[in-house]
Amino acid sequence: MYIRGLEVETIIGIYDWERVTPQRLVVDLEMAWDISDAARSEDIDAALNYKSVSDRLIEHIEASRCQLIETLAEQLAQLVMSEFSVPWVCLELNKPGAVPAARTVGVRIERGSLA
Ligand SMILES: Nc1nc2c(c(=O)[nH]1)N=C([C@H](O)[C@@H](O)CO)CN2
(Lines give C-alpha, C1' and ligand atoms only; values in the text may rest on other atoms or scores of the structure.)
Protein backbone atom coordinates (compact mmCIF):
# COMPACT_ATOMS: atom_id res chain seq x y z
CA MET A 1 0.00 0.00 0.00
CA TYR A 2 1.35 3.44 -0.77
CA ILE A 3 0.59 7.12 -0.42
CA ARG A 4 2.50 9.45 -2.69
CA GLY A 5 2.85 13.22 -2.69
CA LEU A 6 0.92 13.97 0.50
CA GLU A 7 1.36 17.74 0.89
CA VAL A 8 1.05 19.37 4.30
CA GLU A 9 2.02 22.81 5.63
CA THR A 10 3.57 23.17 9.06
CA ILE A 11 6.14 24.96 11.17
CA ILE A 12 9.49 23.18 10.79
CA GLY A 13 13.12 24.27 10.72
CA ILE A 14 16.07 25.53 12.69
CA TYR A 15 16.09 29.22 11.69
CA ASP A 16 14.11 32.00 13.39
CA TRP A 17 12.01 32.75 10.31
CA GLU A 18 11.09 29.08 10.04
CA ARG A 19 9.58 29.14 13.55
CA VAL A 20 6.90 31.60 12.39
CA THR A 21 6.41 30.78 8.70
CA PRO A 22 4.66 27.52 7.70
CA GLN A 23 6.40 25.50 4.98
CA ARG A 24 5.22 22.75 2.67
CA LEU A 25 6.31 19.18 3.31
CA VAL A 26 5.64 16.25 0.99
CA VAL A 27 5.32 12.69 2.29
CA ASP A 28 5.78 9.53 0.25
CA LEU A 29 4.94 6.38 2.17
CA GLU A 30 5.05 2.65 1.48
CA MET A 31 3.44 0.27 3.96
CA ALA A 32 3.55 -3.52 4.13
CA TRP A 33 0.02 -4.92 4.14
CA ASP A 34 -1.47 -8.19 2.95
CA ILE A 35 -4.43 -7.12 0.82
CA SER A 36 -5.86 -10.60 0.23
CA ASP A 37 -8.42 -10.51 3.10
CA ALA A 38 -9.75 -7.13 1.95
CA ALA A 39 -9.85 -8.29 -1.67
CA ARG A 40 -11.81 -11.40 -0.73
CA SER A 41 -14.28 -9.76 1.67
CA GLU A 42 -14.53 -6.24 0.26
CA ASP A 43 -14.61 -5.17 3.91
CA ILE A 44 -12.90 -1.83 4.55
CA ASP A 45 -12.11 -3.04 8.07
CA ALA A 46 -9.86 -5.68 6.56
CA ALA A 47 -8.07 -3.09 4.47
CA LEU A 48 -5.40 -0.61 5.41
CA ASN A 49 -7.52 2.50 4.94
CA TYR A 50 -5.31 4.96 3.04
CA LYS A 51 -7.76 7.80 3.79
CA SER A 52 -7.51 7.18 7.54
CA VAL A 53 -3.70 6.97 7.36
CA SER A 54 -3.51 10.17 5.29
CA ASP A 55 -5.84 12.08 7.64
CA ARG A 56 -3.79 11.01 10.67
CA LEU A 57 -0.50 12.01 9.03
CA ILE A 58 -1.92 15.43 8.13
CA GLU A 59 -3.22 15.93 11.67
CA HIS A 60 0.15 15.03 13.21
CA ILE A 61 2.25 17.08 10.80
CA GLU A 62 0.07 20.19 11.13
CA ALA A 63 0.31 20.05 14.94
CA SER A 64 4.04 19.27 15.00
CA ARG A 65 6.71 21.86 15.70
CA CYS A 66 9.93 19.95 14.93
CA GLN A 67 13.25 21.58 14.18
CA LEU A 68 14.61 18.76 12.00
CA ILE A 69 12.90 16.71 9.31
CA GLU A 70 14.66 13.67 10.81
CA THR A 71 12.61 14.04 14.02
CA LEU A 72 9.30 14.33 12.20
CA ALA A 73 10.09 11.43 9.86
CA GLU A 74 10.76 9.13 12.85
CA GLN A 75 7.53 10.26 14.54
CA LEU A 76 5.49 9.57 11.42
CA ALA A 77 6.99 6.12 10.86
CA GLN A 78 6.29 5.13 14.49
CA LEU A 79 2.74 6.55 14.30
CA VAL A 80 1.85 4.51 11.23
CA MET A 81 3.26 1.28 12.66
CA SER A 82 1.71 1.63 16.12
CA GLU A 83 -1.71 3.07 15.26
CA PHE A 84 -2.40 1.05 12.10
CA SER A 85 -0.61 -2.22 12.95
CA VAL A 86 1.68 -1.88 9.97
CA PRO A 87 4.79 -4.11 10.36
CA TRP A 88 7.08 -2.23 7.94
CA VAL A 89 7.20 1.25 6.44
CA CYS A 90 9.43 3.14 4.04
CA LEU A 91 8.82 6.84 4.56
CA GLU A 92 10.24 9.75 2.59
CA LEU A 93 9.83 13.28 3.95
CA ASN A 94 10.58 16.05 1.48
CA LYS A 95 11.04 19.74 2.22
CA PRO A 96 10.91 21.21 -1.29
CA GLY A 97 11.47 24.86 -0.37
CA ALA A 98 14.51 24.29 1.84
CA VAL A 99 17.27 24.65 -0.76
CA PRO A 100 16.29 26.99 -3.59
CA ALA A 101 18.79 25.44 -6.02
CA ALA A 102 17.43 21.93 -5.43
CA ARG A 103 14.08 20.52 -6.59
CA THR A 104 13.70 18.96 -3.16
CA VAL A 105 15.66 17.71 -0.15
CA GLY A 106 14.62 15.18 2.44
CA VAL A 107 15.13 11.92 4.27
CA ARG A 108 14.06 8.38 3.53
CA ILE A 109 13.78 5.87 6.36
CA GLU A 110 12.77 2.24 6.54
CA ARG A 111 11.42 0.94 9.87
CA GLY A 112 10.00 -2.35 11.13
CA SER A 113 10.41 -5.67 9.38
CA LEU A 114 8.76 -7.79 6.74
CA ALA A 115 7.87 -10.96 8.64
N1 LIG B 1 19.82 17.13 7.97
C2 LIG B 1 19.13 18.30 8.03
N3 LIG B 1 19.71 19.42 7.59
C4 LIG B 1 19.05 20.59 7.67
C5 LIG B 1 17.75 20.63 8.21
C6 LIG B 1 17.14 19.42 8.63
O7 LIG B 1 15.98 19.37 9.09
N8 LIG B 1 17.86 18.28 8.53
N9 LIG B 1 17.08 21.83 8.25
C10 LIG B 1 17.64 22.96 7.83
C11 LIG B 1 16.88 24.21 7.80
O12 LIG B 1 15.78 24.18 8.65
C13 LIG B 1 16.55 24.38 6.31
O14 LIG B 1 15.41 23.63 5.96
C15 LIG B 1 16.43 25.80 5.89
O16 LIG B 1 16.82 25.90 4.54
C17 LIG B 1 19.01 23.00 7.31
N18 LIG B 1 19.65 21.72 7.25
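In particular, how far is an oxygen atom of the ligand from a polar backbone atom of I69?

Modeller: The model is a predicted one, and the distances below should be read accordingly. An oxygen atom of the ligand is 2.9 Å from a polar backbone atom of I69. A polar backbone atom of A98 likewise lies 2.9 Å from an oxygen atom of the ligand. For I14, a backbone N or O atom is found 3.2 Å from a ligand oxygen atom. The ligand taken alone exposes 410 Å², of which the protein buries 67%.

The residues that surround the ligand are G13, I14, Y15, E18, L68, I69, E70, K95 and A98. Sorted by class, this shell holds five nonpolar residues, one polar residue and three charged residues.

E18 is located in the loop between β1 (2–10) and β2 (23–31). E18 counts as buried because its relative accessibility is 5%, and the cut-off for buried is under 20%. The side chain of E18 makes a polar contact of 2.8 Å with the side chain of Q23. Leaving aside residues up to four places away in sequence, E18 touches I11, I12, G13, Q23 and K95.

A polar contact of 3.3 Å links the side chain of E92 to that of N94. With residues up to four places away in sequence not counted, E92 touches V26, V27, D28, V107 and R108.

I turn now to the chain that holds these residues. The protein chain contains three helices and four strands, and from the N terminus on its elements follow the order β-β-α-α-α-β-β. The C-alpha trace spans about 50 × 25 × 20 Å along its principal axes. Of the 115 residues in the protein chain, 38% are buried. The chain exposes about 7,000 Å², and carbon and sulfur atoms supply 51% of that area. Among contacts between residues at least 6 apart in sequence, 56% join residues at least 24 apart.

An unreviewed UniProt entry places the feature "domain: Dihydroneopterin aldolase/epimerase" at residues 1–111. Over residues 1–111 the chain is 32% helix and 28% strand, with the end C-alpha atoms 15 Å apart.

Two loop residues deserve a note on backbone geometry. Most residues other than glycine have a negative phi. E42, however, has a positive phi of about 55° although it is not a glycine. E42 sits in the loop between α1 (36–41) and α2 (50–63), and E42 counts as exposed because its relative accessibility is 76%. S85 also has a positive phi, near 55°, in a residue other than glycine. The position of S85 is in the loop between α3 (69–84) and β3. With a relative accessible area of 56%, S85 is exposed, the cut-off for exposed being over 50%.

How values were computed
Residues are numbered from 1 along each chain as its sequence is written. This is a predicted model: local features need pLDDT of at least 70, side-chain atom pairs count only at pLDDT 80 or more; totals for chains, interfaces and linings use all residues. Side-chain values use heavy atoms; hydrogens and water are left out. A polar contact is a pair of N or O atoms within 3.5 Å; within protein, one must be able to donate a hydrogen and the other to accept it, and residues adjacent in sequence count only if both atoms are side-chain atoms. Contact means heavy atoms within 4.5 Å. UniProt positions are given in the numbering used here, feature names are shortened, and annotations may be inferred rather than shown by experiment. A residue is near a molecule or strand if one of its heavy atoms lies within 4 Å of it. Accessible areas come from the Shrake-Rupley method with a 1.4 Å probe; for residues, only the protein chains shown count as cover. Ala, Val, Leu, Ile, Met, Phe, Trp, Tyr, Cys and Pro count as nonpolar, Asp, Glu, Lys and Arg as charged, and the others, Gly among them, as polar. Buried means under 20% relative accessible area, exposed over 50%, partly exposed in between (1.4 Å probe, protein chains only).
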